[in-house]
Structure formats: structure tokens, C-alpha cells
Amino acid sequence: MKVGYRQLLDAANAEITTLGAAEVRDLADRGEIQLVDLRDRRELEREGRIPGAFHCPRGMLEFWIDPESPYHKPVFAEPRRFVFYCASGWRSALATKAAQDMGLDPVAHLGGGFTAWREAGFPVEPVSK
């Protein structure tokens, strides 16, 4: 049986927390979350990022989360609430589900992704090459 990306997204979204741009901004302004930008480096250089976001390429997420991995990043061992985002919310939904399955808690993702953030008129900082 073939499972397509829509089925994967539906399954992930049924089990994860999705936050809107305004809620994410409020949480970030209060220092209550660690934003994680999953987009490719070229996307960051072209479009910028949410101020304070930690960059983790989507392909490295599981390796950076797992403390037993030689690629583990200490940021993922901090007692923080992690909010993942990508361009539109697809990669971040799947990433949030993977992080949740790996025991990272609490986690959520930004519904609509960076696009929703930017369209809300919230701050964006440039990323140099």
C-alpha cells in the first residue's frame, strides 16, 4: 500500500500541536520557546529568518536531536519548548512528529510556516551567505 505525502501530513497533523503566527510571536517575545528553522540554507539566505531561530536542516534533525548521535546538538538537550517551522508548514509538521516520536517534549510547529509569519508582518532578519 502506497502512502503519499498527504497521508503522511494528515497523520502527523493529527498527533502534533500547531500554533499560529501570532501565538508563536507572543511565545518568542516572552522567551518561552526555541524556534527551529528547518529550511535549506539557500532559503534562509534568500528570504531571511525569524529572529532568534536556530537553523537545523531538515535532513539532520533526527541526528541532531538524539543525544547518542555523534551529530547531537546541545540546543536539543535544553529544557525548552521547541517550535519548528519551514516555508509552508509541511516539512515542519513531519519534523515535529519525528521529534515528538523521539521523545523531544514539548514540541509544536508553526502552521503556515515562514510564509504565514512574513504575511503577518512579523520581523525577519537577513541571513548572510
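The model is a predicted one, and the protein chain in it has 6 helices and 5 strands. Read from the N terminus, these elements follow the order α-β-α-β-α-β-α-β-α-β-α.

**Overall shape and packing**

- The radius of gyration of the protein chain is 14 Å, close to the 14 Å that the globule rule gives for 129 residues, and the chain is therefore as compact as a globular protein of that length.
- Among the 129 residues of the protein chain, 40% count as buried.
- Of the contacts in the protein chain with a separation of 6 or more, 64% are made by residues 24 or more positions apart.

**The largest pocket**

- The largest pocket holds about 160 Å³ of space, and the elements that contribute two or more residues to its lining are α2 (21–29) and β2 (33–37).
- Its lining consists of 13 residues, and those that lie nearest the centre of the pocket are Ala28, Asp29, Leu35, Pro51 and Gly52.
- Sorted by class, the lining of the largest pocket comprises 7 nonpolar, 3 polar and 3 charged residues.

**Ala28, a residue of the pocket lining**

- Ala28, which is one of the residues nearest the centre of the largest pocket, has its place in helix α2.
- Ala28 counts as partly exposed, because its relative accessibility is 28%, a value that falls between the 20% limit for buried and the 50% limit for exposed residues.
- When residues up to four places away in sequence are not counted, Ala28 touches Ile33 and Leu35, and Leu35 is itself among the residues nearest the centre of the largest pocket.
- Ala28 and Arg81 stand 53 residues apart in sequence, while the distance in space between them is 10 Å, C-alpha to C-alpha.

**Cysteines and disulfides**

- A disulfide is a covalent bond between the sulfur atoms of two cysteines, and the structure holds 0 disulfides.
- Cys56 takes part in no disulfide, and the nearest cysteine sulfur, which belongs to Cys86, is 12 Å away.
- For Cys86, the closest cysteine sulfur is that of Cys56 at 12 Å, which is too far for a bond, since a disulfide requires the two sulfur atoms to be within 2.5 Å.
- Cys56 is buried, with a relative accessible area of 0%, and Cys86 is likewise buried, with a relative accessible area of 1%.

Definitions and conventions: Residues numbered from 1 in each chain as written. Predicted model: local features only at pLDDT ≥ 70, side-chain atom pairs only at ≥ 80, totals over all residues. Heavy atoms only, no water. 1 Å grid on protein atoms, 1.4 Å probe; cavity = no way out; pocket = protein on both sides within 12 Å on 5 of 7 lines; lining within 4 Å. Points joined across faces, edges and corners; volume = space filled by probe spheres on them. Helix = DSSP H or I, 4+ residues; strand = E, 2+ residues; numbered from the N terminus. Nonpolar A, V, L, I, M, F, W, Y, C, P; charged D, E, K, R; others polar. Buried < 20%, exposed > 50% of the residue type's maximum accessible area, 1.4 Å probe, protein only. Rg over C-alpha atoms; globule rule 2.2 N^0.38 Å. Contact = heavy atoms within 4.5 Å.
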